[in-house]
Amino acid sequence: MDDLPAEVNTFLWQDGKGVIINYHQTDRSGYWMYLNGLPQRLQMSEIIDLYQQNFESILLENGGKIENGNYYIPRTTLGKADSVYFENFNDGDLSSYTVSGGKAELVTEGYEGPYTAKLSASESGKSSMYTTINGLTVGEQYRVVCYVSTTGATEAELFVREAGKDGVTATVYDTSRHVRRYFTFTATATSMEFGIQIPEAGNAFKSVTLDHVSIYRVKETPVVTDIKVASGSGVGKTQITVNGKVDGEVLLKVTFANPGSATVNASVTVNGEDFKTAAFYKTGTTVDASAVDATYIPVLLSKEQNTIVLSTGSNTLHIQSIEIVTVSDLW
Ligand SMILES: [Ca+2]
């Protein structure tokens, strides 16, 4: 901590309130986690020392050691993600991707590292670039996570499919900057194609960039299936009734399309209490039946009958399905 400039210790300190864990939307006041015995003011260097002490105690508890100022992490406790694919294009090689229509290239002005993949639309017809993912287990679920950016008003689709079939899609529309997209699919073959496609250029230049793609196995488990969605869902207020009490946090998975011109920030009410908003990104004008765009909202189902209300104001969402799930990465 000796390297920190003096100003850090002079002007910055924690206010003694602890860590904010959630906002109560009506009055914007926070719920705070208090720790008895913390002084009213902590210097930044003291906070960093606390983090370091915390890390060291966790390291030792888990079988690591500290020797001559070095930290040793026990090899045996490290897990390995059940990952089937990772690509950040930084080795400068795009040859594993097949290009159909359009033009694919690696560009240096991108999301991460020296290279990002870029697909430019052709004058006529769809363009796509895709690669084959091997090592999938039929019937298991996998999550695709990647970073994507489109030119203005471009409706791009990420997809996973069996060769020659349609598969599922997730939408990336009019982002103008890199956004993180993720979606879950169930493997229907041991080898499937992953890629991205864009419509024909038309009057405007259209392109999409793709980087940092990872695909790994997850398990989405439905925990309550007695779910009723009131009619007229997606317009103004959507009332969801979930019959079943669950200990601990679960996720309300809302598969949706947002054909509007902006992200819809829906406010969330659970059993009469207002919480922060959940974001539903815009998915373009086409509402595609194969789309698996979904937002996951953490909720507590503390009653036998729980009422969840999503309020979208004057915006409309197309709500395709509502599920209550837990999601675990498989290590
Ligand atoms: Ca990269």
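**View 1. T98 faces Y130 across a pair of strands.** Start with T98, which stands opposite Y130 in β11. What you're looking at is a predicted model, where local features need pLDDT of at least 70 and side-chain atom pairs count only at pLDDT 80 or more, while totals for chains, interfaces and linings use all residues. To find your way around, note that residues are numbered from 1 along each chain as its sequence is written. β8 and β11 (residues 127-133) pair in the antiparallel sense, over 3 bridges. Two strands count as paired if DSSP finds at least two bridges between them.

**View 2. Now look at strand β16 and its two partners.** Of the 7 residues of β16 (residues 192-198), 6 are buried, so the strand is largely enclosed by the rest of the structure. Buried means that 20 or more other C-beta atoms lie within 10 Å of a residue's own; 12 or fewer makes it exposed, anything in between is partly exposed, and C-beta atoms are placed from the backbone. β11 and β16 run antiparallel and are joined by 7 bridges, and S128 has Q197 of β16 as its bridge partner. Strand β13 (residues 155-161) also pairs with β16 in the antiparallel sense, over 5 bridges. Here E157 stands opposite Q197.

**View 3. A second open sheet contains β21 and β24.** Its 5 strands come in the order β18-β19-β24-β21-β22, again with antiparallel pairing. β18 (227-229) and β22 (273-280) each have a single partner strand, so one side of each is left without a neighbour in the sheet. The twist averages 20 degrees from one strand to the next. Inside the sheet, 4 bridges join β21 to β24 (residues 305-316), and the two run antiparallel. Spot V268 standing opposite L310 in β24.

View 4. Most residues other than glycine have a negative phi. N68 has a phi near 50 degrees and lies in the loop between β5 (65-67) and β6 (70-72). F89 has a phi of about 65 degrees, and its loop runs between β7 (83-87) and β8.

View 5. S207 is part of strand β17 (residues 207-224) and counts as buried, with 21 C-beta neighbours inside 10 Å. Which residues is S207 in contact with, leaving aside its neighbours within four places in sequence? They are K118, L119, S120, A121 and T151. Contact means that the C-beta atoms of two residues, placed from the backbone, lie within 7 Å. S207 and G102 are 105 residues apart in sequence, yet their C-alpha atoms are 9.2 Å apart in space.

**View 6. Last up is helix α2.** At 1.5 Å a residue, the 18 residues of α2 (residues 44-61) should span 26 Å, and its end C-alpha atoms are 26 Å apart, which agrees. That expected span is 1.5 Å times one less than the number of residues. α2 is hardly covered, with 0 buried residues among its 18. After α2 comes G63, with a positive phi near 90 degrees.

Technical notes
Axes fitted to C-alpha atoms, helices over the stretch in contact; angles between N-to-C directions.
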